[in-house]
Amino acid sequence: NRLNLSEQTAGELPNGWNYALPTEAEWEYACRAGTRTAYSWGNDINSSNANYSPTGIEETTEVGSYPPNPWGFYDMHGNVSELVMDLYGGAYLPDPVTDPLGISGSWRVMRGGSWNLPGSNIRSSIRSSTQANLYYYTMGFRICLKETP
């Protein structure tokens, strides 16, 4: 909200647009980038694909240290786990829902996995949760520009 207000006041944010965390569905859609594999580059992982535990780096790396996904997004797998807008309510609902924003719960969803996790925990489909008011050195976020409905 502060970023939106600051950018609007400075005349840098067009009317009808705002910055926000992506929803969980938006995050996964961007991460997969049209693929159906475990990772946006395929089903296998190695140290040239992402910053994750077996690389031995053991810290966050600069964004862009690894190749982008097919749509040009960097570090969707590994590096830091990313907070999204949705609340974590356990498993997905049994019936298909388009962008099920606001699943009930008191914890926020995190996606992407971080540098301290094994490859199986940074797949496109992996989700975890955290209390939104806590800070971890393995956690971050990305913002997106959205048209206001």
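Helices (H or I, at least four residues) and strands (E, at least two) are taken here as DSSP runs, numbered from the N terminus. In these terms Pro-22 sits in the loop between strand S1 (17–20) and H2. The model described in this report is a predicted one.

**Overall composition**

The protein chain contains two helices and six strands, and from the N terminus on its elements follow the order α-β-α-β-β-β-β-β. Of its 149 residues, 36% count as buried. Among contacts between residues at least 6 apart in sequence, 64% join residues at least 24 apart. The chain exposes about 9000 Å², of which carbon and sulfur atoms supply 53%.

Four strands form an open sheet in the order S4-S3-S2-S5, and the pairing is mixed. Strands S4 (127–130) and S5 (139–141) stand at the edges with a single partner strand each, so one side of each has no neighbour in the sheet. From one strand to the next, the twist averages 50 degrees. Strands of a sheet pair through backbone hydrogen bonds, either parallel or antiparallel. S3 (residues 107–111) and S4 pair in the antiparallel sense, over four bridges. In this pairing Arg-111 stands opposite Arg-127 in S4.

Helix H2 (residues 24–32) packs on the sheet and touches strand S2 (81–88), S3 and S4; the direction of H2 makes about 140 degrees with that of S2. The buried residues of H2 are Glu-24, Trp-27, Glu-28, Ala-30, Cys-31 and Arg-32. Their cover includes S2, S3 and S4.

Pro-22 is buried, with a relative accessible area of 6%. Not counting residues up to four places away in sequence, Pro-22 touches Trp-27, Val-84, Met-85, Arg-142, Cys-144 and Lys-146. Pro-22 and Met-85 are 63 residues apart along the chain, and their C-alpha atoms are separated by 5.9 Å.

Leu-83 belongs to strand S2. A relative accessible area of 15% places Leu-83 among the buried residues, because the cut-off for that class is under 20%. Leaving aside neighbours within four places in sequence, Leu-83 is in contact with several residues, including Leu-21, Val-109, Thr-130 and Phe-141. Leu-83 and Thr-130 are 47 residues apart in sequence and 8.5 Å apart in space, C-alpha to C-alpha.

**Salt bridges**

Side chains of opposite charge can pair when their charged atoms come close. A search of the whole structure finds six salt bridges; the table gives details for some of them.

| Salt bridge | N to O distance |
|---|---|
| Glu-24 and Arg-127 | 2.5 Å |
| Lys-146 and Glu-26 | 2.8 Å |
| Arg-142 and Glu-82 | 2.7 Å |

Glu-24 forms a salt bridge with Arg-127. Glu-24 lies in helix H2 and Arg-127 in strand S4, so this pair ties together parts that are 103 residues apart in sequence. Both Glu-24 and Arg-127 are buried.

The side chains of Lys-146 and Glu-26 also meet in a salt bridge. Lys-146 lies in strand S6 and Glu-26 in helix H2, so the pair ties together parts 120 residues apart in sequence. Glu-26 counts as partly exposed, at 31% relative accessibility.

Another salt bridge joins Arg-142 and Glu-82. Arg-142 lies in the loop between S5 and S6 and Glu-82 in strand S2, so the parts tied together are 60 residues apart in sequence. Arg-142 is partly exposed, with a relative accessible area of 23%, whereas Glu-82 is buried, at 4%. Salt bridges that share partners join Glu-24, Glu-28, Arg-32, Arg-111 and Arg-127 into one network.

**Positive phi angles**

Most residues other than glycine have a negative phi. Ala-33, which follows H2, has a positive phi near 50 degrees. Ala-33 lies in the loop between H2 and S2 and is buried, with a relative accessible area of 6%. Asp-75 is not a glycine either, and has a positive phi of about 55 degrees. Asp-75 also lies in the loop between H2 and S2 and is buried, with a relative accessible area of 9%.

**A nonpolar surface patch**

Leu-3, Phe-141 and Ile-143 form a nonpolar patch on the surface, with about 300 Å² of accessible area together. Ile-143 is found in the loop between S5 and strand S6 (144–147). At 42% relative accessibility, Ile-143 counts as partly exposed.

Key:
Residues numbered from 1 in each chain as written. Predicted model: local features only at pLDDT ≥ 70, side-chain atom pairs only at ≥ 80, totals over all residues. Heavy atoms only, no water. Pairing = 2+ DSSP bridges. Axes fitted to C-alpha atoms, helices over the stretch in contact; angles between N-to-C directions. Contact = heavy atoms within 4.5 Å. Patch = residues over 30% accessible without salt bridge, like charges linked within 9 Å, V, L, I, M, F, W, Y side chains within 5 Å. Areas by Shrake-Rupley, 256 points an atom, 1.4 Å probe, with all protein chains shown as cover. Salt bridge = Lys/Arg side-chain N within 4 Å of Asp/Glu carboxyl O. Buried < 20%, exposed > 50% of the residue type's maximum accessible area, 1.4 Å probe, protein only.
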